[in-house]
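Please study the sequence and the three-dimensional model shown below.

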Amino acid sequence: MKTSNIVVAATIASVEAATPARAKETTSHFSINELTRSATAQKLRIDNTPPPWAIENMSRLIDNVLDPARQLLGAPIYVNSGYRCEKLNKAVGGVTRSYHRAGRAADLTTGSIEGNRRLYDILKKLPHVELIWERGGTWIHVAY
């Protein structure tokens, strides 16, 4: 891991650790760690630590799209994929110019097609640059 990535990772960890769990729940239903977590990255030992500018993009995505969607839905939303470094994006077959690479996109699910239909209808009314009903509604891709 590069030194700058270590500093960014340590900063994220310290901010999240310093914020009490209840305070996080009242301010946001999502975290930067949640948007960078990847089973594929872990399996392939890919460092998916985001640069500071991607963290800023993820924060805007959370504030302007994900949290408002969660509040309107009134039920949990799960992040299947968020930020992807170049190497991880290639490993999962993402397109070269994917919004995921900039921390501007998330693939979401409620856990059911019916819940995803409700979520999709909510997301259509929120700011976005991409909104895709993926694989028959298995998940929803949204980019801000």
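The model is a predicted one. Its chain contains seven helices and four strands. Read from the N terminus, these elements follow the order α-α-α-α-α-β-α-β-α-β-β. Of the 144 residues in the chain, 43% are buried. The chain exposes about 8400 Å², and carbon and sulfur atoms supply 52% of this area. Among contacts between residues at least 6 apart in sequence, 62% join residues at least 24 apart.

Helix H5 comprises the 22 residues 52-73. At 1.5 Å a residue, H5 should span 32 Å, and the distance of 30 Å between its end C-alpha atoms therefore agrees with that expectation. At Ile-62, H5 bends by about 45 degrees. Gly-74 follows the helix, and its phi is positive, near 70 degrees.

We now turn to the interior. In soluble globular proteins, nonpolar side chains tend to be buried together. The largest nonpolar core of this model has 28 residues, and Leu-66, Leu-108, Leu-119 and Leu-123 have the most contacts inside it. Two or more residues of this core come from each of helix H3 (32-36), H5, strand E2 (105-109), helix H7 (113-124) and strand E4 (139-143). H5 gives the largest share, nine residues.

Which residues does Leu-123 contact, leaving aside its neighbours within four places in sequence? Leu-123 is in contact with Val-65, Ala-69, Leu-108, His-128, Leu-131, Ile-140 and Val-142.

Conventions
Residues numbered from 1 in each chain as written. Predicted model: local features only at pLDDT ≥ 70, side-chain atom pairs only at ≥ 80, totals over all residues. Heavy atoms only, no water. Expected span 1.5 Å × (residues − 1). Bend = angle between axes of the 7 residues up to and from the residue. Buried < 20%, exposed > 50% of the residue type's maximum accessible area, 1.4 Å probe, protein only. Contact = heavy atoms within 4.5 Å. Areas by Shrake-Rupley, 256 points an atom, 1.4 Å probe, with all protein chains shown as cover. Core = buried A, V, L, I, M, F, W, Y, C linked by side-chain atoms within 4.5 Å.
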